[in-house]
Amino acid sequence: MIRLAYDKGTILVYGNVRVPGSVWDTRAGAYRAPAYLYKDIRAYGESSGFTFRDDVLDLVPSPELKMRTVLRDYQERAVSAWDRAGRWGVVVLPTGAGKTHVAMKAISMANPAIVVVPTLDLLAQWKERLEDEFGIDVGVYSGDEHSLGPVTVATYDTAYIRAAELGNRFLLAVFDEVHHLPSTGYSTIAEMFACPARLGLTATYEREDGRHSELPRLVGGKVFEKSVESLKGEHLAPFELKRIYVRLTPEEEAQYQKDMEIYKNYLKENHIILRTPRDFERLVMRSGRDRHAREAILARHRARAVALNSSSKLEALADVLRKHSGDKVLIFTEHNELVYRISRQFLIPFITYKTGGEERSRNLAEFKAGNYRALVTSKVLDEGVDVPDASVGIILSGSGSKREFVQRLGRILRKKGDKKAVLYEIISGSTSEVKTSYRRHRGVDK
C-alpha cells in the first residue's frame with residue numbers, strides 16, 4: 001500500500017512507488033512531487049492498480065451550494081466544456097459577459113472552493129456576489145484578514161504568501177484574471193495547490209511576454225471562448241470606437257521632433273533595427289554600458305511623454321465631456337501626472353495606485369451611486385471596477401497592449417437597458433502614438 005500526504009505545497013508518496021514527477025526525499029523517507037500533480041498521481045495509482053491511502057485533502061466544511069441564477073446559453077456551454085475537460089481549463093469571455101456566473105456554477109459543482117483575484121476591488125465584488133448567490137459567509141484571505149469559508153476569496157499576493165497552508169483545503173481553485181497566474185511568483189500558487197479542479201477566467205488570454213504558454217500546465221488549456229463582437233448587442237452593450245486626433249502645440253512639436261531625432265539618429269548610426277519587444281529590451285541592456293544608448297532612450301521617453309500628455313488633448317477632452325454631460329465617464333491615462341492635471345482642471349475625482357484604500361472605496365462608491373459623473377485613473381481601474389451604467393470611456397494615453405485596451409473597453413460594456421457605449425481615444429497625430437493606437441486595436445477592429 002502507498003500513502004499520499006500533503007506537506008507545504010508538495011505531495012509525499014510513502015511506499016516504494018515512484019510516481020511521475022516525483023523525486024526521492026531522504027529526510028522524509030518518501031517520494032515528493034509538486035502538489036499540482038495530485039490529480040495525476042491519483043489517476044496513475046488507480047490505473048496501475050495500487051491500493052493507497054489518501055491523506056492529502058483536509059477540506060473546509062461546506063454545505064450543498066445551490067445556484068439560483070439561471071445561466072445564459074453560452075455560459076452553460078462554457079461550464080459544460082470545462083466539465084468535459086476534467087474540470088481543468090480556462091474560459092475566455094469579454095468583461096461584462098458573466099464570467100462570475102460561470103465560476104459560481106462551477107463552484108456549485110465542486111466545493112469548497114477558493115477564488116483568487118488580482119485586486120482588493122475585485123475581492124470585495126466577488127465576496128458580495130457569492131454571499132448573495134449562495135447565502136453563505138464567504139472567507140477572505142487578504143492583508144491581515146485570514147478567514148476560511150465554504151468559498152474563500154483571496155488576492156494573488158496573499159495566496160502566494162499563504163499557498164502552503166491553503167493548498168489542500170479546497171476541491172476547486174478559481175483564478176480570476178488568470179493571465180496574472182503565469183507571472184514569476186504567482187505561478188507557485190497553482191503549483192502548491194492540490195485542488196483537483198481548476199478554472200481560469202479572463203477576457204485576454206495571451207500575454208505580451210508569451211508566458212500564457214504556462215497556463216495549460218498550471219490550470220488547464222483554453223476550453224471555451226467568446227469574442228466581444230459575438231456578444232455585442234444581445235449580451236453586451238453595443239459600442240462604438242472613436243479616434244480623435246489632435247495636434248501638438250508648437251512648443252511640444254519642437255521638443256518632440258528634437259528628442260525623436262536624437263533617438264532615431266542613434267539607431268541609424270549603430271545600424272539597429274527594432275522589430276520586436278525583445279529587440280527593444282536588448283537596446284535597454286545596451287544602455288547600461290553605452291552612454292549614447294542611454295541618452296537615446298531618455299530622449300525617446302521624453303518624446304513619448306510629450307505625445308501622451310499634450311495640452312491639446314485636454315481641449316479635446318473638454319469637448320467630449322460636454323458632449324456626454326449626462327453620461328457616466330471613465331477616463332484612462334498612462335501617467336499619474338496627467339491624472340492629477342485632469343483632476344485639477346476639470347474637478348474630477350481620481351484613483352491611482354497611490355490613492356488610499358478608504359478614499360479609493362469612497363470614490364468608487366460615489367461613482368457607482370451616480371454622485372460622481374466621472375472618474376479619472378491611470379491603470380488601477382483597468383481591472384476591478386464593475387459599473388453597469390458607465391457608458392463612456394476616454395483613453396487619453398496608454399500602451400500598445402491589446403490586453404490593456406480590451407480591459408478598458410470592457411469597463412463600459414456591461415449591458416443595462418438600451419445603453420450604447422462609446423470608447424474614445426484621443427491621440428496626438430503625427431507622433432508614434434498613432435502606431436501605438438493601431439497596435440492595441442488588434443483583435444477588436446473589424
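The largest share of the lining of the second largest pocket, three residues, comes from α16. Helices here are DSSP runs of H or I with at least four residues, numbered from the N terminus. This is a predicted model, in which local features need pLDDT of at least 70 and side-chain atom pairs count only at pLDDT 80 or more, while totals for chains, interfaces and linings use all residues. Residues are numbered from 1 along each chain as its sequence is written, and side-chain values use heavy atoms, without hydrogens and water.

A pocket is an open set of points on a 1 Å grid over the protein atoms alone, where a 1.4 Å probe fits, with protein on both sides within 12 Å along at least five of seven lines; lining residues have an atom within 4 Å of a point.

The second largest pocket is lined by 20 residues, and Ala203, Thr204, Glu225, Lys402 and Val406 lie nearest its centre. Both α9 (228–231) and α16 (402–410) supply at least two lining residues. Domain 2 (73–227) and domain 3 (239–247 + 310–439) both contribute to this lining, so the pocket lies between them; the domain bounds come from an automatic or database assignment.

The largest pocket holds about 1200 Å³ of space, a volume being the space filled by probe spheres set on the points, which are joined across faces, edges and corners. Of its 31 lining residues, Tyr263, Phe280, Arg300, Thr436 and Arg439 are the closest to the centre. Among the elements giving two or more residues are α11 (277–286) and α17 (433–440), but α10 gives the most, with five.
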